[in-house]
Amino acid sequence: MKLRPHHLLCIQKFTGKGYDAAFTAHMTAVCAALHDRPDTSVTLTAGCDDVCAACPHKAGAECDTAEKVQALDRAVSEHCALQAGMTADWTSLKNIASAKIFHTDAFAAVCGGCQWYGLCRETEES
Ligand code: SF4
Ligand code: SF4
């Protein structure tokens, strides 16, 4: 599976709310697949990924809010010492993201500007 770095966070906080029905159904399937197969190999990518595939904000090969999401990717990469091109199993990556961001002050710094932050703040990571 290909994931952009900040989606290591979003997948853990997903509660069934998304941009539209198609996106939400796809995100639900991605989360279920990772939950069922936590050893899934994940390669980090700098651009659109397997979550973006069904998103109404995907415009060609990039997100129509590219500047915002690239900043999120950079922040997650820096806090977690990860970079595009790295491959690891889902459990390892989600544990790094959880430990370095959700369980530190970095959560507000990284995610504070996101429209979903209030909801994610209240949601236990899965
Ligand atoms: S296309 Fe943009 S808004 Fe949609 S899931 Fe990808 S990064 Fe997020
Ligand atoms: S606040 Fe936004 S970027 Fe952060 S985990 Fe939630 S949806 Fe993802």
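I count a residue as near a molecule if one of its heavy atoms lies within 4 Å of it. The model is predicted.

Ligand 2. I looked up the residues around ligand 2 and found Leu-9, Cys-10, Cys-111, Cys-114, Trp-116, Tyr-117 and Cys-120. By class, I get seven nonpolar residues in this shell, with no polar and no charged ones. I then checked which helices contribute: helix 1 (7-13) and helix 6 (117-122) each supply at least two residues of the shell around ligand 2. As for location, ligand 2 sits in the largest pocket.

Helix packing. I describe two packed helices by the angle between their axes and the distance between the axes. At what angle do the axes of helix 3 and helix 4 cross? For helix 3 (residues 66-80) and helix 4 (residues 90-102), I read a crossing at roughly 95°, with the axes coming within 9 Å. Angles of 65 to 115 degrees count as roughly perpendicular, so I note helix 3 as roughly perpendicular to helix 4. On the helix 3 side of the contact I list Val-76, His-79 and Cys-80; from helix 4 come Ile-96, Ala-97, Lys-100 and Ile-101. I class the residues of this contact as five nonpolar, one polar and one charged.

Conventions: Residues are numbered from 1 along each chain as its sequence is written. Chains are lettered from A and ligands numbered from 1 in the order in which they are written. This is a predicted model: local features need pLDDT of at least 70, side-chain atom pairs count only at pLDDT 80 or more; totals for chains, interfaces and linings use all residues. Side-chain values use heavy atoms; hydrogens and water are left out. On a 1 Å grid over the protein atoms alone, a cavity is a set of points where a 1.4 Å probe fits but cannot get out, and a pocket is an open set with protein on both sides within 12 Å along at least five of seven lines; lining residues have an atom within 4 Å of a point. A molecule sits in a cavity or pocket if more than half of its atoms lie within 2 Å of its grid points. Helices (H or I, at least four residues) and strands (E, at least two) are DSSP runs, numbered from the N terminus. Ala, Val, Leu, Ile, Met, Phe, Trp, Tyr, Cys and Pro count as nonpolar, Asp, Glu, Lys and Arg as charged, and the others, Gly among them, as polar. Axes are lines fitted to C-alpha atoms, for helices over the stretch in contact, and angles run from 0 to 180 degrees between N-to-C directions. Angles under 35 degrees count as roughly parallel, over 145 as roughly antiparallel, 65 to 115 as roughly perpendicular and the rest as oblique. Contact means heavy atoms within 4.5 Å.
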